[in-house]
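Please look through the structure below with its ligand and its aromatic rings in mind. The paragraphs that follow take these two topics in turn.

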Amino acid sequence: MLSKEQARFFFLGGTFVVSVVFLAMTWHSIVKEIPKQTHEENITPEVIAGKRLFDENNCMGCHTILGEGAYYAPELTKVYERKGEGYIKAVLMSPVAWRGAAQRKMVAYEMTEEEANNMVAFFKWVNEMDLNGFPPEPDESLQPD
Amino acid sequence: MRYKSQKVAYWFFALSMLLLTLQITYGFIMGFAHMGFDGLHDFIPFNAARATHNNLLVVWLLSGFMGAAYYIIPEESKHELISVKLAYVQLISLAVVGVTAIIGFHLNWWEGRKFLEIPRELDFLVVINVLLFLGLIIGTLYKGSQKTTTSLVLTMGLFFAAILYLPGMIWFDSQTLDSFFRWYVVHLWVEGVWELIMGGILAYLLIKLTGVDREVIEKWLYVIVGLTFLSGVLGTGHHYYYIGAPKYWLIVGGIFSALEPLAFLAMALFAINMYRKSGRSHPNKSALYWTIGSAVMSFVGAGLLGAAHTLPQVNLYTHGTLVTAMHGHLAFWGAYAMMVLAIISYALPNLTGRKLYDNAASMYAFWLSNIGMVCMTCAFAVAGIAQVYMERKIGLDFMQVQQEIEVHFFGLVLAATLFTIGICLFIYNFVKYGQPTDEALITDTEQGEVMA
Ligand code: HEM
Ligand SMILES: [Fe+2]
């Protein structure tokens, strides 16, 4: 039967090995692959300013982006493509709470033109990432003709 | 209770219960908002309710873990806490930081990083608080005459939980890198080091409640936490599938995270077997229910429901939908909430000298909250699966789909009401126990943990 010493060795040894592999993969991802897949060269000061606004207002507390966040308001990964620049700016600059089809209200952020442009830059950058196929295309066979 | 300083634990548990009540309140606000009743929107918008709900969960669980450590470590290491005064300072500062963060969320002072909404400035105070806590625990362990595996695993879990908070404090300009390291905190907490904490508390409770030989229990503890890390560390990859990270995570994350349920299965089998083996009956039935219940429910919520959407082919469709909320609720409940309620149920009679564990309220608390939570999970599951089909498969508009599934949130709120009644009964008992007293100090043989 397994002894306590062997069990401890299994725990410490196993943890050490997987941690080293995990750190090595992390390194490879962040140095080699993520810059390519996310077009890091396109992260302009406007994109960064947009991301800061996205964080400061906790947009993720209602929406998802890259599939992460809350499930109360629409996915924003492809919002640039789906709605376009004009619509996005209208929502963000609106002085009254924006309402979607489900009668849910958004907070009226009353952003300035510049802030709204930065948000659009951020969404455009996110829109162009290679996300390994996310979000999935709807099923052809289920479409009404 | 054998050491006077163990009484500190009581106040951490009390803080836990208070924050749990608040967490549930904010949960109802969100449930109603999903049903279309967002009357509070102007004062507490959904994102404020959500940040509050999530962070209260984390803080009440941490407060519960800290209370558990303050209760367990003196007894395991046979030494009073090195400073009771500093432990109270730590308690109060924890409460102050927590409350400040929550108030901040309502004033738009936060960071939109799911689970890590606490602003970086406050994070530094969190770090100082946790360092003080660790200093007290490790100091006591060091001075004590006995260093058990149980106390080492528990302390290791708490120590690495603190270390892993740090990657969440780095600034990134890239959304992908931000996310990548956010999971270093969140995933490696709940599917890694928190399981050490859970395992440590579980081992302690099983030793006390079943009377099975410590050597046997602690051997299996090593095996379980070994399985946890073997699968869970590389399992982090299941959060890297679709956020702009390379494709190899689909393979590595898929395989290793699919193995994660093994650790939870081992935990459940271990708890049940030790209980069977005991052949003794400890009088504190409610502690036993919560302990075994936690081991079983964590397997269902974290193991089975986690595995249900962890393969990349499935996750492509479920990622970012209510399916995630389904799993999140039962996993946190089973593994961590129930374990905190287990240690509270065990410790309270010993701290206060009153024995309220076999009254009807304590059993109703267990069953109603568990049945309520399982029903909530089902409501989330139905809503989530419907959302996946309509939004991802058919391609309907997000808001249109949300309107279709509003009705399931009615079911959710009903189930949550049942759950809340259970929790109210638990807290009612908690209050009835009264405060800890030195009269409850007892010697080894009197505590009744090894009763024939
Ligand atoms: C006690 C342990 C666990 C807890 C407390 C827990 C909790 C959570 C929570 C709260 C989320 C949601 C994060 C978010 O909304 O962004 C999540 C996501 C996830 N969990 Fe777990 N979990 C646990 C164990 C597991 C296990 C063992 C597995 C796999 C077998 C698993 C698989 C997943 C997956 C695949 C996601 C990602 C969903 C997505 O974003 O697409 N979890 N977990
Ligand atoms: Fe995970």
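Around ligand 1 there are 26 residues, and those that come nearest are Tyr71(A), Lys114(B), Asn315(B), His319(B) and His327(B), where a residue is near a molecule if one of its heavy atoms lies within 4 Å of it. This is a predicted model, in which local features need pLDDT of at least 70 and side-chain atom pairs count only at pLDDT 80 or more, while totals for chains, interfaces and linings use all residues. Residues are numbered from 1 along each chain as its sequence is written, chains are lettered from A and ligands numbered from 1 in the order in which they are written, and side-chain values use heavy atoms, with hydrogens and water left out.

Ligand 1 lies between chains A and B. A polar side-chain atom of Lys114(B) is 2.3 Å from an oxygen atom of the ligand, whereas a polar side-chain atom of His327(B) lies 2.8 Å from a nitrogen atom of ligand 1. The elements that give two or more residues to the shell are α6 (175-210), α9 (261-278), α10 (285-307) and α12 (322-352) of chain B, helices being DSSP runs of H or I with at least four residues, numbered from the N terminus. Of these, α12(B) gives the most, with seven residues.

The second topic is the aromatic rings. A search of the whole structure finds 43 aromatic pairs over all chains, a pair being rings of Phe, Tyr or Trp (its six-membered ring) with centres within 6.5 Å, counted as stacked if the planes are under 30 degrees apart, edge-to-face if over 60 and tilted otherwise. The rings of Phe180(B) and Trp249(B) have centres 6.2 Å apart and planes at 70 degrees, so this pair is edge-to-face. The pair links distant parts of the chain, with Phe180(B) in helix α6 of chain B and Trp249(B) in helix α8 (residues 248-259) of chain B, 69 residues apart. Phe180(B) is buried at a relative accessible area of 0%, and Trp249(B) also counts as buried at 0%, where buried means under 20% relative accessible area, exposed over 50% and partly exposed in between (1.4 Å probe, protein chains only).

Trp290(B) and Phe366(B) form another edge-to-face pair, 5.0 Å centre to centre with 80 degrees between the planes. Trp290(B) lies in helix α10 of chain B and Phe366(B) in helix α13 (residues 360-394) of chain B, so the pair ties together parts that are 76 residues apart in sequence. Both Trp290(B) and Phe366(B) are buried.

Key
A polar contact is a pair of N or O atoms within 3.5 Å; within protein, one must be able to donate a hydrogen and the other to accept it, and residues adjacent in sequence count only if both atoms are side-chain atoms.
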